[in-house]
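Q: I have a structure open and would like to talk it through. Can we start with a single residue and work outwards?

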Amino acid sequence: GLTMLPLAPSVGSSIEIFKTLGVVIVGFFYSLFTVTFAVLGVRKFLGSVSEDDPTEDASSGATATAATKPYSAEALDFLVKGTVFSAALSIAATKTDQSFQKPL
């Protein structure tokens, strides 16, 4: 429905705008609830959900371990340098009208 909206001859009346916003808002919440309950159902089926209160475990005085970093310092440094180099190259290509000025 919404993909054909730009081809519609006139989308100016308040009823059509209200219907479009209604479809977007209702569709958003429908998708949100569908995914939420699907994830909860799968987690319950796999046994990942317990009926215990998670706040009791946090207040019991257990020490929290530090979160592990997803990348080593060297890998993070390499990724940051690559990002900065790529951004500089893209900006330079755009400013000089190169054939590579359009991103992929």
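Q: Where is Leu21 found?
A: Leu21 sits in helix H1. Helices here are DSSP runs of H or I with at least four residues, strands are runs of E with at least two, and both are numbered from the N terminus.

Q: Before going on, what kind of model is this?
A: This is a predicted model, in which local features need pLDDT of at least 70 and side-chain atom pairs count only at pLDDT 80 or more, while totals for chains, interfaces and linings use all residues. Residues are numbered from 1 along each chain as its sequence is written, and side-chain values use heavy atoms, with hydrogens and water left out.

Q: Back to Leu21: how exposed is it?
A: Leu21 is partly exposed, at a relative accessible area of 49%. Buried means under 20%, exposed over 50%, and partly exposed in between, with a 1.4 Å probe and protein chains only.

Q: Which nonpolar patch includes Leu21?
A: One of about 960 Å², made by Ile17, Leu21, Val24, Ile25, Phe28, Phe29, Leu32, Phe33, Phe37 and Leu40. Patch residues have over 30% relative accessible area and no salt bridge; nonpolar side chains (Val, Leu, Ile, Met, Phe, Trp, Tyr) are joined within 5 Å, like charges within 9 Å.

Q: How many aromatic pairs are there?
A: Two. In one of them, Phe28 and Phe29 have ring centres 5.1 Å apart and planes at 75°, so the pair is edge-to-face. Rings of Phe, Tyr and Trp (its six-membered ring) pair if their centres lie within 6.5 Å; planes under 30 degrees apart are stacked, over 60 edge-to-face, and the rest tilted. Ring pairs also link Phe28, Phe29 and Phe33 into a cluster.

Q: What is the fold made of?
A: Three helices and zero strands, running α-α-α from the N terminus.

Q: What span should H1 have?
A: Its 33 residues (14–46) should span 48 Å at 1.5 Å a residue, and the end C-alpha atoms are 48 Å apart, which agrees. The expected span is 1.5 Å times one less than the number of residues. Just after H1, Gly47 takes a positive phi of about 85°.

Q: Changing topic, how many salt bridges?
A: One. It joins the side chains of Lys81 and Asp77, at 3.3 Å from N to O; the cut-off is a Lys or Arg side-chain nitrogen within 4 Å of an Asp or Glu carboxyl oxygen.

Q: How are Lys81 and Asp77 placed in helix H3?
A: They are four residues apart in H3 (residues 73–95), so about one helical turn separates them. Lys81 is exposed at 55%, and Asp77 is partly exposed at 39%.

Methods
Areas by Shrake-Rupley, 256 points an atom, 1.4 Å probe, with all protein chains shown as cover.
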